[in-house]
Amino acid sequence: SMPFVQESLVMSDSSGIYALVYPSYDEIDEKEYDAGDLEEFIRAKMEENRETANGVLPAYAKIRRIKLQPEPFEKTPTKKIKRYLYTK
């Protein structure tokens, strides 16, 4: 339900909780960013989303970082993300 997020997957590792996010490129208006700065624009929006989410989450559930997923997540026939493909 966050802006510019099409799909996301929240995971944890030894450094804490992080989110893998596939951005919604359809929502991005070219007028909002400089032509050569799309990657930086997306990272800034994802950081805003992280701060917004962390504002309502308890301390133990706060997201430490967001990693961008370059392509849509692989899914099962029932449209669920295959989580095991994205663990380290």
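View 1. At a relative accessibility of 16%, Arg50 counts as buried. In this predicted model, Arg50 makes a salt bridge with Glu47, and their closest N and O atoms are 2.6 Å apart. Both residues belong to helix α1, where they sit three residues apart, about one turn of the helix. Glu47 counts as partly exposed, at 32% relative accessibility.

View 2. Helix α1 holds both of them, four residues apart, about one turn of the helix. How exposed is Arg43? Its relative accessibility is 42%, so Arg43 counts as partly exposed. Glu39, at 44%, counts as partly exposed too.

View 3. Asp13 and Arg65 bring their side chains together in a salt bridge of 2.9 Å, N to O. Because Asp13 lies in strand β1 and Arg65 in strand β3, this pair ties together parts that are 52 residues apart in sequence. Asp13 is partly exposed, with a relative accessible area of 26%, and Arg65 also counts as partly exposed, at 26% relative accessibility.

View 4. Three strands form an open sheet in the order β1-β2-β3, with mixed pairing. Strands β1 (5–13) and β3 (63–68) stand at the edges with a single partner strand each, so one side of each has no neighbour in the sheet. From one strand to the next, the twist averages 25 degrees. Strands β1 and β2 (residues 16–23) run antiparallel and are joined by eight bridges. Follow Met11 across to β2 and you will find its bridge partner, Tyr18. Helix α1 (residues 38–56) packs on this sheet and touches β1, β2 and β3, while its direction makes about 150 degrees with that of β3.

View 5. In soluble globular proteins, nonpolar side chains tend to be buried together. The largest nonpolar core in this model has nine residues: Phe4, Val5, Ala19, Val21, Ile28, Phe41, Ile42, Met46 and Ile63. A second, separate core has seven residues, among them Leu9, Leu20, Phe73 and Tyr86.

**View 6. Around Ile63.** Which residues does Ile63 contact, leaving aside its neighbours within four places in sequence? They are Ile17, Tyr18, Ala19, Arg50, Asn54 and Leu57.

Methods
Residues are numbered from 1 along each chain as its sequence is written. This is a predicted model: local features need pLDDT of at least 70, side-chain atom pairs count only at pLDDT 80 or more; totals for chains, interfaces and linings use all residues. Side-chain values use heavy atoms; hydrogens and water are left out. Two strands pair if DSSP finds at least two bridges between them. Helices (H or I, at least four residues) and strands (E, at least two) are DSSP runs, numbered from the N terminus. Axes are lines fitted to C-alpha atoms, for helices over the stretch in contact, and angles run from 0 to 180 degrees between N-to-C directions. Contact means heavy atoms within 4.5 Å. A nonpolar core is a set of buried Ala, Val, Leu, Ile, Met, Phe, Trp, Tyr and Cys residues joined through side-chain atoms within 4.5 Å. Buried means under 20% relative accessible area, exposed over 50%, partly exposed in between (1.4 Å probe, protein chains only). A salt bridge is a side-chain nitrogen of Lys or Arg within 4 Å of a carboxyl oxygen of Asp or Glu.
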